[in-house]
Amino acid sequence: GLYFAATDIAGCKTALILTIAGVVIDVVGQLVSLPKALTELLSIVSSVMSIVCVYCICMSLAGVMKSVKRSDLAQRGKTVWIVYLVTNTIGLALSVLVSILAYHFLGVLVALLILIPIVIASVMYLAYIYQCSKVLRTV
């Protein structure tokens with residue numbers, strides 16, 4: 001999917017590079033024995049890179065949808081991006097907070113509650129990609 005889209009859509013190429021870099025960061029974080037603070041920092045960097053990756057994909061697909069006269073899907077891409085950004089940023093902030101609070105029960109409970117909107121945002125994102133792929137197959 002992303003590899004083939006990267007050959008035609010510039011934003012998807014950026015997303016592919018970010019995805020590969022994120023995988024490398026995750027592997028290094030798992031394989032190399034690092035202090036806890038550095039491991040958590042790498043995790044945050046990887047999460048931010050994932051969020052930027054979704055931005056690149058949503059905005060580049062929105063541009064393509066606009067060029068094929070599907071302004072409804074172009075606008076939906078922007079909406080999906082904003083929902084994804086907000087939910088995942090809150091989730092990332094809460095995970096950092098939970099880590100700082102040494103897994104205090106209330107912090108864990110709040111972090112678990114944010115998982116529901118994050119899952120919804122992720123489903124919206126996947127549905128958007130699917131809808132765009134259907135349009136692109138007919139163009």
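Colleague: Which residue follows α3, and is its phi positive or negative?
Modeller: Lys69 follows α3, and the phi of Lys69 is positive, near 65°. Please note that this is a predicted model, in which local features need pLDDT of at least 70, side-chain atom pairs count only at pLDDT 80 or more, and totals for chains, interfaces and linings use all residues. Residues are numbered from 1 along each chain as its sequence is written, and side-chain values use heavy atoms, with hydrogens and water left out.

Colleague: How many helices and strands does the protein chain have?
Modeller: There are five helices and zero strands, and from the N terminus the order of elements is α-α-α-α-α. Helices (H or I, at least four residues) and strands (E, at least two) are DSSP runs, numbered from the N terminus.

Colleague: What box do the C-alpha atoms fill?
Modeller: Taken along the principal axes, the box is roughly 50 × 30 × 15 Å. The protein chain exposes about 8,600 Å², of which carbon and sulfur atoms supply 74%; accessible areas come from the Shrake-Rupley method with a 1.4 Å probe, and for residues only the protein chains shown count as cover.

Colleague: What share of the residues is buried?
Modeller: Of the 139 residues, 32% count as buried. Buried means under 20% relative accessible area, exposed means over 50%, and partly exposed lies in between (1.4 Å probe, protein chains only).

Colleague: Back to α3, then. What should its 32 residues span?
Modeller: They should span 46 Å at 1.5 Å a residue, and the end C-alpha atoms are 47 Å apart, which agrees. The expected span is 1.5 Å times one less than the number of residues in the helix. For α2 (residues 10-31), the 22 residues should span 32 Å, and its end C-alpha atoms are 32 Å apart, which also agrees.

Colleague: Which residues of α2 are buried?
Modeller: They are Gly11, Cys12, Ala15, Leu16, Leu18, Gly22, Ile25 and Gly29.

Colleague: Which residues does Ser46 touch?
Modeller: Ser46, in helix α3, touches Gly22, Ile25 and Asp26, not counting residues up to four places away in sequence. Contact here means heavy atoms within 4.5 Å.

Colleague: Why does Ser46 count as buried?
Modeller: Ser46 counts as buried because its relative accessibility is 7%.

Colleague: And Leu42, what is it in contact with?
Modeller: Leaving aside neighbours within four places in sequence, Leu42 is in contact with Ile25, Gly29 and Leu34. Leu42 lies in helix α3 and is partly exposed, at 22% relative accessibility.

Colleague: Which residues form the nonpolar patch on the surface?
Modeller: Ile20, Val23, Val24, Val27, Val28, Leu31 and Val32 form it, with about 610 Å² of accessible area together. Patches are made of residues with over 30% relative accessible area and no salt bridge; like charges are joined within 9 Å, and nonpolar side chains (Val, Leu, Ile, Met, Phe, Trp, Tyr) within 5 Å. Val32 lies in the loop between α2 and α3 (36-67), and counts as partly exposed at 41% relative accessibility.

Colleague: Changing topic, which residues touch the most other members of the largest nonpolar core?
Modeller: Of its 26 residues, these are Cys58, Met65, Tyr125 and Tyr128. At least two residues each come from α2, α3, α4 (71-100) and α5 (105-138), and α3 gives the largest share, eleven residues. A nonpolar core is a set of buried Ala, Val, Leu, Ile, Met, Phe, Trp, Tyr and Cys residues joined through side-chain atoms within 4.5 Å.

Colleague: What does Met65 touch?
Modeller: Not counting residues up to four places away in sequence, Met65 touches Arg70, Ser71, Leu73, Ala74, Tyr128, Cys132, Val135 and Leu136.

Colleague: Where is Cys132?
Modeller: Cys132 is in helix α5 and is buried, with a relative accessible area of 1%. With the same exclusion of residues up to four places away, Cys132 touches Leu61 and Met65. The C-alpha atoms of Cys132 and Arg70 are separated by 9.4 Å, although the two are 62 residues apart along the chain.

Colleague: How many salt bridges does a search of the whole structure find?
Modeller: The search finds one. Arg70 pairs with Asp72, and the closest N and O atoms are 2.8 Å apart; a salt bridge is a side-chain nitrogen of Lys or Arg within 4 Å of a carboxyl oxygen of Asp or Glu. Arg70 is partly exposed, with a relative accessible area of 31%, and Asp72 is partly exposed at 44%.
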